[in-house]
Amino acid sequence: MSVTDASAAVTVLAGLAILAGLAGVVVPGLPALPLCWGGVLVWAIFGGAGPGGWAVFAAATLVAVTGTVVKYAWPGRNLKRTGVPTMTLLAGGVLGIIGFFVVPIVGLVLGFVGGVWAAERLRLGDSRLAWPSTKQAVKAAGLSMLVEFAACTVVAALWLAGLLLT
């Protein structure tokens, strides 16, 4: 395969998008699953894989949609069960976004944890009572990242299998 071959270039671009998506699970600001899914879409349209490419894209779409639903539903259910209110998570999210711009990279995590703790401190009136909710919110964020990474990994594996089989 030559570098000037259009399908090879599309395959490389799709692979780079999928790698960026995998990195996007831990790098704030990169939409992980959409990047992985988009890489497979570009490969299916322009990569010359034919019907096999579209089958891979259909499977990747199913995994991406399922991963997105599970990413929000499973941690959310755990948080509701432990009694962490939605407003607490919203405060954590807002302060996480602010923290991302104030302290690059680690500010997102610091802002989220600080926002959740501050909201629970205000709601419950005692800093000792705010920590259990903060720990639950951090666990939920970690679970969400784990689910997203698993979905991205499956999409990447489907794409690699499609490359080998088509």
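Is Arg-128 buried or exposed? At 67% relative accessibility Arg-128 counts as exposed, where exposed stands for over 50% relative accessible area, buried for under 20%, and partly exposed for what lies in between (1.4 Å probe, protein chains only). The structure is a predicted model, in which local features need pLDDT of at least 70 and side-chain atom pairs count only at pLDDT 80 or more, while totals for chains, interfaces and linings use all residues. Residues are numbered from 1 along each chain as its sequence is written, and side-chain values use heavy atoms, with hydrogens and water left out.

Side chains of opposite charge can pair when their charged atoms come close. A search of the whole structure finds 3 salt bridges. In one of them, the side chains of Asp-126 and Arg-128 meet at 3.2 Å, N to O, and Asp-126 counts as partly exposed at 21% relative accessibility.

Another salt bridge joins the side chains of Lys-71 and Glu-148 at 3.3 Å, N to O. This pair links distant parts of the chain, with Lys-71 in helix α3 (residues 51-82) and Glu-148 in helix α6 (residues 127-165), 77 residues apart; helices here are DSSP runs (H or I, at least four residues), as strands are (E, at least two), numbered from the N terminus. Lys-71 counts as buried at 13% relative accessibility, and Glu-148 is buried with a relative accessible area of 10%.

The side chains of Glu-120 and Arg-123 also meet in a salt bridge, at 2.8 Å, N to O. These two residues are separated by about one helical turn, because they are 3 residues apart in helix α5 (residues 106-124). Glu-120 is buried, with a relative accessible area of 0%, whereas Arg-123, at 44% relative accessibility, counts as partly exposed. Ser-133 is found in helix α6 and counts as buried at 8% relative accessibility.

Leu-30 lies in the loop between α1 (6-24) and α2 (32-46) and is partly exposed, with a relative accessible area of 36%. Beyond its neighbours within four places in sequence, Leu-30 is in contact with Ala-20, Gly-24 and Leu-35. Cys-36 lies in helix α2 itself and is buried, with a relative accessible area of 0%. With neighbours within four places in sequence again left aside, Cys-36 is in contact with Ala-17, Ile-18, Gly-21, Leu-22, Cys-152 and Val-155. Cys-36 and Thr-153 are 117 residues apart in sequence and 8.9 Å apart in space, C-alpha to C-alpha.

The aromatic residues form another set of links. Rings of Phe, Tyr and Trp (its six-membered ring) pair if their centres lie within 6.5 Å, and planes under 30 degrees apart count as stacked, over 60 as edge-to-face and the rest as tilted. By this rule the count comes to 4 aromatic pairs. The rings of Trp-54 and Phe-57 have their centres 5.8 Å apart and their planes at 90°, so this pair is edge-to-face. Being 3 residues apart in helix α3, Trp-54 and Phe-57 are separated by about one helical turn; Trp-54 counts as partly exposed at 41% relative accessibility, while Phe-57 is buried, with a relative accessible area of 14%. Phe-100 and Phe-101 form an edge-to-face pair as well, 5.1 Å centre to centre with 75° between the planes. Phe-100 is partly exposed, with a relative accessible area of 27%, and Phe-101 is exposed, with a relative accessible area of 64%. Trp-37, Trp-54 and Phe-57 form one aromatic cluster.

Note on methods: Contact means heavy atoms within 4.5 Å. A salt bridge is a side-chain nitrogen of Lys or Arg within 4 Å of a carboxyl oxygen of Asp or Glu.
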